[in-house]
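Welcome! Take a moment to look over the sequence and the model below, and then we can walk through some of its aromatic rings and helices together.

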Amino acid sequence: METTTKDLARQADRIREAAVLFTLLGRVFHGVPDRELMAGLADERAFDEVPFVEGEAAEEALRDLRQWNDGCTVPFSEDDFHGLSAEYTRLFVGGKRVIAPMWESVYFNKDRMVFQHQTFEVRAMYARYGLRVDAFSHEPDDHLAYELLFIGRVLGTAADDLAAGESDAACEKLADAVSFTVCHPLAWVPRWRALVEEKDRCGFYRGYARLVEAALRQMEAEFAVGGRPSEAAA
């Protein structure tokens with residue numbers, strides 16, 4: 001069946017929804033918690049409804065995030081931010097041993113070392129799109145935030161291509177995004193999510209980790225097809 005301009009626009013919108021979500025998830029975890037960003041998310045109740053993700057796992061994640069939001073004052077206070085920041089430090093920075101490391105490489109060697117071959121694989125993928133991390137050679141390229149932001153960037157360009165009628169280019173970018181998702185974050189995020197789920201005390205990071213995994217799995221399920229974008233959204 002012939003794909004209409006309206007169909008392509010609808011499919012581009014769906015891909016863009018995914019791009020928006022992955023970009024947000026990456027921003028939330030990019031460096032230490034950003035007070036302005038977190039205050040905006042809490043005060044606007046951004047997690048009451050999010051784009052793209054569907055299903056039981058996503059709803060479970062959003063319940064956690066809504067519950068955390070319910071416990072925040074309005075407007076978001078210094079105490080709220082201090083609790084969030086302290087939990088971030090405890091879980092993801094720590095002392096001698098980080099509870100839930102944020103780097104892919106750590107999950108593939110017994111010494112929990114960073115800057116392993118996974119780091120250089122994702123660096124090469126970023127370079128294909130003219131990108132490199134903003135703390136090059138200091139923060140490993142396989143940090144969760146960078147991987148999520150990269151997926152968001154690639155999906156955004158795929159949506160732009162599709163909206164412009166460039167289906168072949170959009171299909172190629174979607175294939176790259178799915179391949180990267182499966183080979184990189186989905187190879188380790190479930191283990192990371194399990195650690196956060198077990199150890200988080202404030203509720204936000206448990207919900208966030210669940211939402212990250214739900215978004216990655218939705219990405220694979222919805223876009224990992226052999227056909228063109230029009231077939232993916234059929």
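Rings of Phe, Tyr and Trp (its six-membered ring) count as a pair if their centres lie within 6.5 Å. Keep that cut-off in mind as you explore this structure, which is a predicted model.

## Aromatic pairs and a cluster

The structure holds 21 aromatic pairs. Ring pairs join F29, F47, W68, F76, Y88, F92, Y107, W188, W192, F204, Y205 and Y208 into a cluster.

## F29 and Y88

Let's start with two members of that cluster, F29 and Y88. Their ring centres are 5.8 Å apart and their planes meet at 65 degrees; planes over 60 degrees apart count as edge-to-face, so this pair is edge-to-face. F29 lies in the loop between α1 (5–28) and α2 (35–43), while Y88 belongs to helix α4 (residues 78–93), so the pair ties together parts that are 59 residues apart in sequence.

Are these two residues buried or exposed? F29 has 0% relative accessibility and counts as buried. Y88 is buried too, with a relative accessible area of 5%.

## F52 and F223

Another pair is formed by F52 and F223, whose ring centres lie 5.8 Å apart. Their planes are at 20 degrees, and planes under 30 degrees apart count as stacked, so this pair is stacked. It links distant parts of the chain: F52 sits in the loop between α2 and α3 (56–70), and F223 in helix α9 (residues 204–223), 171 residues apart.

## How α1 meets α9

Helix α9 also has a partner in α1: the two axes come within 11 Å and cross at roughly 150 degrees. Angles over 145 degrees count as roughly antiparallel, so α1 is roughly antiparallel to α9. The crossing of α1 past α9 is left-handed.

Which residues make the contact? From α1 come R14, I15, A18, L21, F22, L25 and V28. The α9 side includes F204, Y208 and F223. F204 and Y208 are also in the ring cluster, while F223 is the stacking partner of F52.

Elsewhere, R191 lies over the face of F108, at 4.8 Å from the ring centre.

Finally, visit G55, in the loop between α2 and α3. G55 is partly exposed, with a relative accessible area of 47%. Its C-alpha atom is 29 Å from that of A169, a residue 114 positions away along the chain.

Notes
Residues are numbered from 1 along each chain as its sequence is written. This is a predicted model: local features need pLDDT of at least 70, side-chain atom pairs count only at pLDDT 80 or more; totals for chains, interfaces and linings use all residues. Side-chain values use heavy atoms; hydrogens and water are left out. Helices (H or I, at least four residues) and strands (E, at least two) are DSSP runs, numbered from the N terminus. Buried means under 20% relative accessible area, exposed over 50%, partly exposed in between (1.4 Å probe, protein chains only). A charge sits over a ring if NZ of Lys or CZ of Arg is within 6 Å of the ring centre and within 35 degrees of the ring normal. Axes are lines fitted to C-alpha atoms, for helices over the stretch in contact, and angles run from 0 to 180 degrees between N-to-C directions. Angles under 35 degrees count as roughly parallel, over 145 as roughly antiparallel, 65 to 115 as roughly perpendicular and the rest as oblique. A crossing is left-handed if the near helix is turned anticlockwise from the far one by less than a right angle, and right-handed if clockwise. Contact means heavy atoms within 4.5 Å.
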